[in-house]
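Visitor: I would like to understand the labels used for this model, with the criteria spelled out. Could you walk me through them?

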Amino acid sequence: MLDVRRIRRAAPMLSLEERLKHLGYDQRWLTFGFLDPDVLHAQHEACLSSRDSHTEHFRFESFRRFLADRASLSDVQLEQYVELAVLDPDQSMAVSALADLLIWPGLSPLQLEQLASHAAFEPPSLRGLVVRRRLLASILAGRIDDALVASCIATNHSAVQRAIIRANGITGRQLDLLSRSGCNRAVRNLATQCLLRRLNDSPN
């Protein structure tokens, strides 16, 4: 954890613009309120003292801190987060920041759909996260039908398949399908165990 107060006392007087430029931040980080000047100051000094030339590490830390400090985002904040990622000079890091946004628990279903239609979320890795988030939302809502089971199998993703196996409302026939078509042995074994438990609990 950066000691903001200690670093601030020891640091030379530099303008905010100089610190932003050195760390690769756009001015909008401050304008939008995504970056506190004291945190910027501490990051700049840490960058200088560590001789870390990978300034995207500090910007990624700021994206993550912004989400970690909040339980929800307004639609305006959501748009600003995406805007800051899109304009970042390191787009590999930006994709990681957008991925963090997609898996962040404070994202509402409506906001997820807003992101899904945004051009910034076209990379295949992000499209896959959108699909998985939608499937998990459907599973939690209890809408377990054959089409949902087929979609979960098609993702070839362990967490999604485990979630639907444990879902209320899944049928024995669907569990049997997952016991044969799950993405790996652990998932298939879980489906088999759930199916056997259901059969053993059924009245003769």
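Guide: Let us start with accessibility: buried means under 20% relative accessible area, exposed means over 50%, and partly exposed lies in between, using a 1.4 Å probe and protein chains only. This is a predicted model, in which local features need pLDDT of at least 70 and side-chain atom pairs count only at pLDDT 80 or more, while totals for chains, interfaces and linings use all residues. Residues are numbered from 1 along each chain as its sequence is written, and side-chain values use heavy atoms, with hydrogens and water left out.

Visitor: Why is Asn200 called exposed?

Guide: Asn200 has 66% relative accessibility, so it counts as exposed. It is found in helix H13, residues 185–201; helices here are DSSP runs (H or I, at least four residues), as strands are (E, at least two), numbered from the N terminus. The C-alpha atoms of Asn200 and Ala85 are 52 Å apart in space, and the two residues are 115 apart in sequence.

Visitor: What makes Asn156 exposed?

Guide: The relative accessible area of Asn156 is 54%, so Asn156 is exposed. Asn156 sits in the loop between helix H10 (146–155) and helix H11 (158–165). Its phi is near 55 degrees, a positive value in a residue other than glycine.

Visitor: How do you know that Trp29 is buried?

Guide: Trp29 has 1% relative accessibility and therefore counts as buried. This residue lies in helix H3. Not counting residues up to four places away in sequence, Trp29 touches Phe34, Leu35, Arg59, Ser62, Phe63 and Leu84, where contact means heavy atoms within 4.5 Å.

Visitor: Why does Arg28 get the label partly exposed?

Guide: Arg28 is at 32% relative accessibility, so it counts as partly exposed. Arg28 lies in helix H3, residues 28–31. Leaving out residues up to four places away in sequence, Arg28 touches Glu83, Leu84 and Leu87.

Visitor: Now for the helix pairs. Why are H5 and H7 called roughly parallel?

Guide: The axes of H5 (residues 56–68) and H7 (residues 91–103) come within 10 Å and cross at roughly 10 degrees. Axes are lines fitted to C-alpha atoms, for helices over the stretch in contact, and angles run from 0 to 180 degrees between N-to-C directions. Angles under 35 degrees count as roughly parallel, over 145 as roughly antiparallel, 65 to 115 as roughly perpendicular and the rest as oblique, so H5 and H7 are roughly parallel to each other. Their contact involves Glu56, Arg59, Phe60, Phe63, Arg64 and Leu67 of H5 with Met93, Ser96, Ala97, Asp100 and Leu101 of H7.

Visitor: What makes H5 roughly antiparallel to H6?

Guide: H5 and H6 (residues 75–86) pack at an angle of about 170 degrees, with their axes 12 Å apart. That angle makes H5 roughly antiparallel to H6. Phe63, Phe66 and Leu67 in H5 meet Gln77, Tyr81, Leu84 and Ala85 in H6. By class, this contact has six nonpolar, one polar and no charged residues; Ala, Val, Leu, Ile, Met, Phe, Trp, Tyr, Cys and Pro count as nonpolar, Asp, Glu, Lys and Arg as charged, and the others, Gly among them, as polar.

Visitor: By class, what makes up the contact of H5 with H7?

Guide: The contact of H5 with H7 has six nonpolar, one polar and four charged residues.
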